[in-house]
Amino acid sequence: MSQDRATAVKPRHRGRALIPTVLIVIALAWLYAVFTDVWTDHLWYDALGFNKVFTTQLFTKIGLAIGFGLVLGAVVALAIWLVLAFQSPEPAPRSVQAYRELLNGHRRLVVIVPALAFAVFGALNGATQVSTFLGWANKTPFGTSDARFGLDISFFVFDYPWYRQLVSFALVAVGVAAALAALGHFMLGSLMAPSRSGGRVTRRAAHRHIAITLAVFFVLYGLSKLLDRFGQLLQSGDLLDGLTYTGDHANLNANLIIAVIAFLTAGLFAFSCWKPGWRLPVTSVVLMVVASLIVGVVYPMIVQSFQVNPTRADKERSYVEMNIAATRAAYGIDEVEVTDYSATTTVAAGQLKSDAAALPGIRLIDPAMVPTTFEQLQQVRGFYSFANVLDVDRYTINGKETDVVIAARELDHAGLQNQDWINLHTVYTHGFGLVAAYGNRRQSDGEPDWLARDIPTVGELTAEQPRVYFGEDADTYAIVGRTEGQAPVEFDTPAGGETSGGQYNVYDGTAGVSIGNLFNRLLYATRFASMNLLLSDRVNANSQILYNRTPRERVRLVAPWLTVDSDAYPAIVDGRIVWIVDAYTTSQHYPNSRLTSIQQATSDTRTNSNLSALRPTDQVNYIRNSVKAIVDAYTGEVTLYAWDDKDPLLQTWMKAYPGTVEPRSAISAELMEHLRYPSDLFKIQRDVLGRYHMTDPLNWFSQSDLWTIPNDPVKSSSAGGTKEPSYYLSIKWPESEAAGAAVPGDETPLFSLTSVYTPFNRENLAAYMSVVAEATSPDYGRIRILRMSDTQQIEGPGQAFNSITGNEQVASLLRPYLNQGSSSALYGNLLTIPLGGGLLYVEPIYTQREGTNGSFPVLRYVVVRFGNHIGISETLQGALDQVFSGDAGADTGEQAVSGETSETPSETTDPSAPAATAEEKTKTNLAEAERQFQAAEAALKAGDLAGYQSANEKAEAAVRAALEAMGAEIPADCGEGQHLDATTNLCVPD
């Protein structure tokens, strides 16, 4: 019998042992996973030389987690322990007695388990406050005070968020303790409601416990309302962000009144410890609730409705002034120069003579149009690729600074036919070289004029180390390194080797993490969930693992306090390919400044919306381009340079992470030549200036001069947005006016970032905006705006594009590409450039053969529009000469194109275009003749006899070409004082 019982008990014991075993295994697995992440992160940071960032983040996170967890756990444990200690010894009803027996029988568990659970929540909350704490602990004064309280801006940026976090956390902790105390005393019978029949009343100890807890709670609540007073300067409203009339005259007072009532309520709860009774403190709580509704909700509504709204512009005037001043300072636009520009729309021969130096800076190669061209002509193999939008930089070519369209030839694993683990992670590990082309010229067949091409790279721009292990498309890890005597396995170049026509390489950099030992291999096999890291013979004693290989990601990880720009661009610096990444210090807590969404402000037809995931926050009201970051494309080394070393946020983070940022003086001269004004910052400033160029509060309030960013007329919609992008161009700023006085322009062109505005809900041009983007210029960062005259309407981009596409001459030249469906005409970026006393629109037109896999866009025509005058030619020079009465007065610096003349549009040599019919040739030439006759008439009215004669000669040549296309008899040259009439085919007097 006893043996049977023992046999029956064994399975039960086994079942009891199984659950703890499973829990222990799960806990060990979790600990191993956490250790794997932490230790591999340590190895990665250590390999990059940024272990200080890792340890600072880790120890701060651990310290905050322990601190917040201990506080919340201790508060909960104390509350429960006091409940158990103060329970009534008197007999209790059966239900209460059952609770007592249950809780008293497991006193340790009753205290420890809830305390641990809440401690975990507290620890998780504390671990998220690393940046808030480090900012507060290392804060740097701004040296500027807010306009309402007179406090240094650093109080709002650094102190206020930390104090708010502490008070909120304390409120939650004490609130939980109060709830547990009330619930526990009620369950144990220590808290009984008084009855008229003389039943039990609240025990003195339980009463004091709850009263003191609630007293502390209301003290904290009062402190929270006092902090809310400062928070009024950070509020978002329907009119403006920051303090408003209602906030100043109603909400500030309401918060103060509620805080006072909360402190009084806390005092009454404390007083009730010596004079038992809930009537006074509960009455005070009710009073506080009523007061909160009256002075916190109703009163502000009354002030807003009956005092502010009837005369809102006057009431809010001083607050609008504060908002304008704070916003312009926070976004670095307080020194923007806005001048008046009376743009001319008339043309004359030689009109661009004074702007001759600027013409070579007009970029014809569209970085968003030619990636396909780059791939078809320079991809070499299907596993290489270029960015969807190429980058624009400048290099000194033959002694002249030249705008260049440039891209890195990166590895694209999607182009691999065999995508097994060996190929993805050990063979195809890197891209090769840069490809670059002149921005202002093309070859005779419309293809880019290369500055760097082919593999190995040839041309004017070559790098001593061309391999690209770190790039924008490097989204997987790579295993590199071989032991002595082992053959290289990393595919390097497609030609010149003995094996499969390729050469192979061995990575000799040091930025990777060593996985030569079994321990590290095990950790990384766990991190990347790949047994191949343990089993493959491609991993050896000298192997390194390269991961987190995109430039923006590497910068974000080594500097978690920075917001990185969406556009990392490659450059050749000191013989190496590097990625340049602009980075920003940002805040949401600059008092009275407008809050802006980075995503919305920077979104346009060329934006990659997926890049927003790397931003720590989207909403900001303060921003500075404080850091320029460099990532070596071969080694992956990251270098941070302090760019705006006067920025208080940068100074704060440099104290928090000492030794991670190099001084500005450490930037080499060659690197400085390639640094530029960042596009995201410019777009954010452009967005804010649409309204904040108005500094008069009444104009700002009425929005009488509100500007908007026009939609891109070439690309009406995109996944990223619809707004027209900003463009990097070399421009020569024109002379303008301010307060009736002349403001001189620039003597020479400067590499700039440009954009335009249109009036709200209108399509004409309102203003032209530019910032000097060249870091070597003493005017770097100088923002200037040309405000168009209100007395004359200037076409906006949409109107100009509509005029170009609707022009008969343009349509007739493109018709051969479109009619037969074998080719398509593609419009490139529409550039707006201040030239010749007005504004010049430049539109490159590309053609592309349809129905073939290997087709790509080639630059075929350039269209320019100045005022109401349009010219189209195979070169910019020819188009400008057409517009400006046959002679623009300056050389564009384009390379000569075979068969090109500046007089009339030459017939296309594009093999993808069908031959024009006789009728189409006739229409094209007659349209050109008519345009030249109009130009001759305009020149005659202007007294330009030379222009008049030149235009007449061009018109006559066009008429002769039309007659030739028709097969008509062409008369001899007309005599002096005569010209050929297109209708009668006769020489008639001028």
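Hi everyone, and thanks for coming. Before we start, please note that this is a predicted model, where local features need pLDDT of at least 70 and side-chain atom pairs count only at pLDDT 80 or more, while totals for chains, interfaces and linings use all residues. Residues are numbered from 1 along each chain as its sequence is written, and side-chain values use heavy atoms, with hydrogens and water left out.

Let's begin with strand β18, residues 576-587. When I say strand or helix, I mean a DSSP run, numbered from the N terminus: at least two residues of E for a strand, at least four of H or I for a helix. How many of the twelve residues of β18 are buried? Eleven are, so the strand is largely enclosed by the rest of the structure. Buried here means under 20% relative accessible area, exposed means over 50%, and partly exposed is in between, using a 1.4 Å probe and protein chains only.

Now for the partners of β18. Two strands pair if DSSP finds at least two bridges between them. Strand β16, residues 563-564, runs antiparallel to β18 and is joined to it by two bridges. One to look for is valine 564, whose bridge partner in β18 is alanine 583.

Next comes β17, residues 569-573, which pairs with β18 in the antiparallel sense over five bridges. Here tyrosine 569 stands opposite isoleucine 580 of β18. β17 and β18 form a hairpin with two residues between them, and in that turn aspartate 574 has a positive phi of about 50°.

Then there is β21, residues 622-632, again antiparallel to β18, this time over nine bridges. On this side, tryptophan 579 has valine 631 of β21 as its bridge partner.

As a bit of background, side chains in a regular strand alternate between the two faces of the sheet.

Let's move on to charges. A salt bridge is a side-chain nitrogen of Lys or Arg within 4 Å of a carboxyl oxygen of Asp or Glu. By this rule the model has 25 salt bridges.

Which arginine does aspartate 687 meet in a salt bridge? The partner is arginine 594, with the closest N and O atoms 2.5 Å apart. Aspartate 687 sits in helix α20 (residues 679-692) and arginine 594 in the loop between β18 and β19 (596-597), so the pair ties together parts that are 93 residues apart in sequence. Aspartate 687 is partly exposed at 24% relative accessibility, whereas arginine 594 is buried at 18%.

Another pair is aspartate 746 with arginine 784, at 2.9 Å from N to O. Aspartate 746 is buried at 13%, and arginine 784 is buried at 5%.

My last stop is arginine 394, in strand β3, residues 391-397. Is it buried or exposed? At 2% relative accessibility, arginine 394 counts as buried. Its side chain makes a polar contact of 3.1 Å with the side chain of aspartate 393. A polar contact is a pair of N or O atoms within 3.5 Å; within protein, one must be able to donate a hydrogen and the other to accept it, and residues adjacent in sequence count only if both atoms are side-chain atoms. The side chain of arginine 394 also reaches the backbone oxygen of leucine 675, at 2.5 Å.
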